[in-house]
Amino acid sequence: MRTRPVDATAVEALLTAAVAAPSIHNTQPWRFGMDAATGTVEVRADRRRILPLADPQARAQHLSVGAAVLNLRVAAAHCGWDPVVRLLPDPYQPDLLATVLLAAPAAGDPSPLAGLHEAVGRRHTSRMPFTGRPVPDSVVAEMAAAARAEGAHLDVPDIPGTRRLLRLTAAGEARNRVHPARAAESRAWVTAPGAGLPYGIPLPALGPRDVGGRMPMRDFTGPVSGLTLPALRFERHAQVGMLWTPGDRREDWLRAGQALERALLVATAHGVRTSILHQAMEWPDLRAATAGTRRRCCPHLLIRFGYGPDGGRTPRARQAAR
């Protein structure tokens, strides 16, 4: 399969898009390599930025890397390539999670991924309260279709089902809060204002707690004096989607990460804000409970979505292809 030349400007565009992907605690657990001769981008896991307590199997890390792969594909399609992805291409290199071949496009219609490029730079997590105005069914259906296109499912439950998922998330949050080591692990990724660090979550981006206690937003700071933000009232009827795959292998996790980012970009393109609820997935019994009675349902996270203010932006580390 022929490829076109890849210059420094193109590499910069590709990596800028890739690192705009969401990652758990903004750990950005990825590294990139470029083989200019073959036009192939290598995407590797960075073992230095892991969460051994919240993510002992590195499932969330694979989700994060998968989201970066999706952004690479979007940027490649926008630049006129037809990106060809191989997941886990070399069993002797376990940290090599994916390769993206920048192939010459075939004749025909442009890739639908190219249309999501503008949303890549605008997408970021909002941990602020939403208005409660419902997102139209047509937009929700488009988000679900985006997840299916990547081999995953995004289920949006009814009000009782939503409340059940939020209760399980709240249970995970309560366990994390009283677990000293887990609380310390989350707090370690909070960055002070003006620190200029390229990883982690700046204090203004953390968002407030829900004064009504209905929305279980993650408490990153714990009982640290001076870091707790004032509580606000969140939306009464939340809209959430549960992202899941039929399998639970590393390849499934990478596909789920691509599905996550594609659904988030669709939401962003429609002016919908999003945030991730992951706490229940960090406890095996609670993760299993989120699946309910469905067989072959392996949940990965909840997407909370709605209309509301922008959240604070998180930094990104500049990446150089190695």
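This is a predicted model: local features need pLDDT of at least 70, side-chain atom pairs count only at pLDDT 80 or more; totals for chains, interfaces and linings use all residues.
View 1. Sorted by class, the lining of the largest pocket comprises six nonpolar, three polar and six charged residues.

**View 2. The largest cavity has a volume of about 470 Å³.** Counting cavities of 30 Å³ or more, the structure holds three. The lining of the largest cavity is made of 28 residues, of which S23, I24, H25, R127 and I276 are the closest to its centre. Helix 2 and strand 9 (273-277) are the elements that give two or more residues to this lining. Divided by class, the lining of the largest cavity has twelve nonpolar, eleven polar and five charged residues.

**View 3. The second largest cavity has a volume of about 120 Å³.** Around the second largest cavity stand 13 lining residues, with N176, R182, A183, S186 and D219 lying nearest its centre. Helix 5 (159-178) and helix 6 (180-187) each contribute at least two residues to the lining, and helix 6 provides the largest share, namely four residues. In the lining of the second largest cavity, three residues are nonpolar, three are polar and seven are charged.

**View 4. Helix 1 (residues 8-18) packs on helix 2 (residues 59-78) at an angle of about 140°, with the two axes 7 Å apart.** Because of this angle, helix 1 counts as oblique to helix 2, and the crossing of the two helices is right-handed. On the side of helix 1 the contact is formed by A13, L14, A17 and A18, while helix 2 brings A68, N71, L72, A75 and A76. By class, the contact of helix 1 with helix 2 contains eight nonpolar residues, one polar residue and no charged residues.

**View 5. Helix 2 and helix 7 (residues 250-269) pack at an angle of about 55°, and their axes lie 7 Å apart.** The two helices, helix 2 and helix 7, are therefore oblique to each other, and helix 2 passes helix 7 in a right-handed crossing. From helix 2, the residues R59, H62, L63, V65, G66, A67, V69, L70, N71, R73 and V74 meet R250, W253, L254, A256, G257, Q258, E261, R262 and L265 of helix 7. The contact of helix 2 with helix 7 divides by class into ten nonpolar, five polar and five charged residues.

**View 6. Helix 4 (residues 137-149) and helix 7 pack at an angle of about 155°, with their axes 8 Å apart.** Helix 4 and helix 7 are therefore roughly antiparallel to each other, a description that applies to angles over 145 degrees. The crossing of helix 4 and helix 7 is right-handed. In this contact, E142, M143, A146, A147 and A149 belong to helix 4, whereas A259, R262, A263, V266 and A267 belong to helix 7. Eight residues of the contact of helix 4 with helix 7 are nonpolar, none is polar and two are charged.

Methods. Residues are numbered from 1 along each chain as its sequence is written. Side-chain values use heavy atoms; hydrogens and water are left out. Ala, Val, Leu, Ile, Met, Phe, Trp, Tyr, Cys and Pro count as nonpolar, Asp, Glu, Lys and Arg as charged, and the others, Gly among them, as polar. Axes are lines fitted to C-alpha atoms, for helices over the stretch in contact, and angles run from 0 to 180 degrees between N-to-C directions. Angles under 35 degrees count as roughly parallel, over 145 as roughly antiparallel, 65 to 115 as roughly perpendicular and the rest as oblique. A crossing is left-handed if the near helix is turned anticlockwise from the far one by less than a right angle, and right-handed if clockwise. Contact means heavy atoms within 4.5 Å. On a 1 Å grid over the protein atoms alone, a cavity is a set of points where a 1.4 Å probe fits but cannot get out, and a pocket is an open set with protein on both sides within 12 Å along at least five of seven lines; lining residues have an atom within 4 Å of a point. Grid points are joined across faces, edges and corners, and a volume is the space filled by probe spheres set on the points.
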